[in-house]
Amino acid sequence: MYLLVESQYFPTVTLFKKSIEVLNIKIAEYETWRKMSFRNRCVVAGANGPINLSIPLLEGREQKKVMKEVVIDNRKAWQSQHWKTITSCYNRSPWFDYFSPELEGLYRQPFELLVDWNRACFAWANTMLGKGLSVEYIYNEVDSFSGAEVIDWRNKLMPKSILTDFPEPVKYRQVFEERIGFVPHLSILDLLFCEGKNARAMLAKP
C-alpha cells in the first residue's frame, strides 16, 4: 500500500501524518499544474495569524504545463523573503536554533524547477522527522497505479477546503497560540520548530 500525492512545497502536518500511517509515498510529477493549491505554497504561523509563503512562477499561475515543467521565477528574491518570514515566525520557537542552520542553507541554494525545490523540501523534512518514509517520484499515470494498493490523495488537501475536510488536526503547542489560538494544518515546518525530535511521535498518535 502507498499514498499518492502531488508535489507540494513543505507540505502540511496533515499530509505527513497520513504518510507516516502508510510509510510508502509516491509523489506525482506528471499531472497538470493547478493554481490555488499547496504546489507552490506553504503556510506558517505569525504573530497575527497564518502567513502564506508563495513561490513566484514564470508564466504565472494560469499556465497549463505539467508540474515537472513549471519554472520558478527567480528574478524575485522569494527565497530570501521566505527565509526572513520563517525567521520572524519561529526564532523564539524551542527548536529554531537546532534546525535553522541547515534550513537556511537550503534557502540559499538555487533551483530552477518547482518540482526540484519541492523534492528538496520534502527530503529535508523527511530526514528531520527521522526514520524516513519510503519516497518515490513518478512521471506518468501508468507508473503511479501499477502494483500495490493506492490511497489517492492527489488534490485532497487544498487551502480553501482543508479546514472543513479535515476537522481534527494534529494538536501541539504553537509559538503564538496564547495570542492567536491554535492554527491547524500548517506546514510541517511549524511542527518541527515547535516539537523538534518529538514531532514524529506526535504524527504517529492515533
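Mentor: The model is predicted. Start with the largest cavity, which holds about 50 Å³ of space.

Trainee: How many cavities of 30 Å³ or more are found in the whole structure?

Mentor: The search covers the whole structure and keeps cavities of 30 Å³ or more. The number found is three.

Trainee: Which element gives the largest share of the lining of the largest cavity?

Mentor: The lining includes Val5, Glu6, Asn118, Arg119 and Phe122. Strand S1 (2–6) and helix H4 (114–129) each supply at least two lining residues. The largest share, three residues, comes from H4.

Trainee: What classes of residue make up the lining of the second largest cavity?

Mentor: Among the residues lining the second largest cavity are Ala45, Tyr90, Gln174, Glu177 and Asp190. By class, the lining has two charged residues, two polar and six nonpolar.

Trainee: Where is Asp190 found, and which residues is Asp190 in contact with?

Mentor: Asp190 sits in helix H8, residues 188–195. Neighbours within four places in sequence are left aside here. The contacts of Asp190 are then Ala45, Tyr90, Tyr172 and Gln174.

Trainee: Asp190 has no salt bridge; which side chain of opposite charge is nearest?

Mentor: Asp190 is buried. A salt bridge needs a side-chain nitrogen of Lys or Arg within 4 Å of a carboxyl oxygen. For Asp190 the nearest side chain of opposite charge is 11 Å away, and that residue is Arg173.

How values were computed
Residues numbered from 1 in each chain as written. Predicted model: local features only at pLDDT ≥ 70, side-chain atom pairs only at ≥ 80, totals over all residues. Heavy atoms only, no water. Helix = DSSP H or I, 4+ residues; strand = E, 2+ residues; numbered from the N terminus. Buried < 20%, exposed > 50% of the residue type's maximum accessible area, 1.4 Å probe, protein only. Lys, Arg positive; Asp, Glu negative; His and termini not counted. Contact = heavy atoms within 4.5 Å. 1 Å grid on protein atoms, 1.4 Å probe; cavity = no way out; pocket = protein on both sides within 12 Å on 5 of 7 lines; lining within 4 Å. Points joined across faces, edges and corners; volume = space filled by probe spheres on them. Nonpolar A, V, L, I, M, F, W, Y, C, P; charged D, E, K, R; others polar.
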